Amino acid sequence: MALNKPMPYSTRLYRAVGFTKGYNFYLWLLLSLGLGGFVLMRLKYLDLYGTFCGSASGGRDLAVPGECFYHLQPGRYQIGIMVHLACILPASALALSQFVPAFRRRALWLHRINGYIATVLCVAATIGVLAILRRTMGGGIDTQSMTGLLAIIVFYSSYKGIVSARRHQIEQHRAWMLRAWVNAGAIVTMRVILITSSMILSFVGDYYYVEPCAKINFILQGENATLARYPECAPFFSGEDPNRHIAVKADVIRRDKVAIGAMINMVFGMSGWLAIAIHAFGVELYLHLTSTERRTAKSVKLQQNGVDNALKAD
Ligand code: HEM
């Protein structure tokens with residue numbers, strides 16, 4: 001008599017949350033650990049004045065050096081970053097639960113409500129980023145175009161995802177929502193590329209980035225400290241050139257905030273472009289492989305039903 005082998009622990013784990021294939025579960029886990037971990041670490045940034053831009057309350061900024069020069073200016077920059085953080089952090093947490101099959105099967109009504117809330121928050125967060133686009137992370141054209149592209153991907157995929165859900169086109173709905181969130185998740189991969197490339201370029205050395213004196217003055221907290229290191233900023237302080245920009249060394253190894261900010265500004269756009277390319281390719285490959293698999297499973301089922309019906313007819 002053949003004894004039934006006990007199911008491995010890992011199989012029991014992914015079956016419990018509703019996955020039928022191990023690799024689907026591990027890919028979900030990868031996205032959840034990456035995005036979820038990032039969200040958990042960044043939750044404290046919701047306190048804009050006390051933590052993210054702590055210099056506003058006498059502390060230190062956790063934002064990239066110099067970013068709070070804009071984030072603390074009343075108006076579109078302040079509102080933009082506030083909306084981005086306040087909307088995207090809860091949206092990401094809600095979105096991760098949407099991809100758990102057991103959650104969808106057991107509480108479809110909750111999946112619907114959760115999905116609408118996550119999508120509205122994500123779209124609002126992306127609009128918030130568009131408001132700060134001109135200045136964020138140095139405001140370079142590489143950064144602006146990368147952020148703009150990601151915004152278009154998020155808007156279009158979310159729109160298609162909602163429309164297909166309303167039409168009950170479940171396969172398309174799954175594909176578009178995966179596109180929306182896997183591509184938005186590129187912002188986590190881009191941080192890995194950003195840190196790695198910043199280190200490499202700092203070792204290579206001799207990289208410079210153009211920064212406004214107003215921002216350098218914000219980081220160094222005073223005219224004397226700024227002029228001591230950057231005398232080229234004199235026309236900014238004299239009022240001769242209030243929009244004076246100068247080239248500063250970009251480096252993350254020396255503990256110099258101006259140089260750290262310059263390096264991060266320099267590589268932000270490139271890191272984003274590379275991360276979007278990786279995620280866009282990855283999600284399309286995943287959709288291609290799994291849709292072939294789903295089609296095969298469906299046709300086997302249909303054939304089986306056909307055989308059953310034929311037998312019944314006999
Ligand atoms: C997937 C969900 C997302 C999460 C969890 C997220 C989270 C964050 C957080 C915590 C920050 C603060 C700075 C930092 O820690 O790096 C930030 C900044 C930023 N995010 Fe997002 N974000 C997401 C999606 C997006 C999308 C889709 C875009 C572009 C369309 C975007 C563009 C930016 C930009 C440009 C900044 C820099 C703001 C600055 O100047 O400090 N993010 N994001």
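A residue is taken as buried if 20 or more other C-beta atoms lie within 10 Å of its own, as exposed if 12 or fewer do, and as partly exposed in between, with C-beta atoms placed from the backbone. Helices are DSSP runs (H or I, at least four residues), numbered from the N terminus. The model is predicted: local features need pLDDT of at least 70, side-chain atom pairs count only at pLDDT 80 or more, and totals for chains, interfaces and linings use all residues. Residues are numbered from 1 along each chain as its sequence is written.

Helix α11 (residues 213-220) has six of its eight residues buried, so α11 is largely enclosed by the rest of the structure. Those buried are Cys-213, Lys-215, Ile-216, Asn-217, Phe-218 and Ile-219. Gln-221 follows α11 and has a positive phi, near 55 degrees. In helix α1 (residues 9-16), the number buried is zero of eight, so α1 lies largely in the open. Gly-18 follows α1, and its phi is positive, near 100 degrees.

Helix packing was examined next. Helix α8 (residues 141-166) packs on helix α9 (residues 170-184) at about 155 degrees, with the axes 8 Å apart. Axes are lines fitted to C-alpha atoms, for helices over the stretch in contact, and angles run from 0 to 180 degrees between N-to-C directions. The pair is therefore roughly antiparallel (angles over 145 degrees). The crossing of α8 and α9 is left-handed: the near helix is turned anticlockwise from the far one by less than a right angle. Contact residues (C-beta atoms, placed from the backbone, within 7 Å) include Leu-150, Ile-153 and Val-154 of α8 and Trp-176, Met-177 and Ala-180 of α9. By class, this contact has eight nonpolar, seven polar and two charged residues. Ala, Val, Leu, Ile, Met, Phe, Trp, Tyr, Cys and Pro count as nonpolar, Asp, Glu, Lys and Arg as charged, and the others, Gly among them, as polar.

Helices α5 and α7 pack at about 150 degrees, with their axes 7 Å apart. This makes α5 roughly antiparallel to α7. Their crossing is left-handed. The contact divides into 19 nonpolar, eight polar and one charged residue.

The ligand is surrounded by 23 residues, each with its C-beta atom, placed from the backbone, within 6 Å of it. The closest are Arg-42, Thr-136, Leu-150, Ala-151 and Ala-184. Helices α2 (22-42), α5 (76-98), α7 (108-132) and α8 each supply at least two shell residues. Helix α5 gives the most, with five. The shell comprises 15 nonpolar, six polar and two charged residues.

Definitions and conventions. Angles under 35 degrees count as roughly parallel, over 145 as roughly antiparallel, 65 to 115 as roughly perpendicular and the rest as oblique. Two residues are in contact if their C-beta atoms, placed from the backbone, lie within 7 Å.
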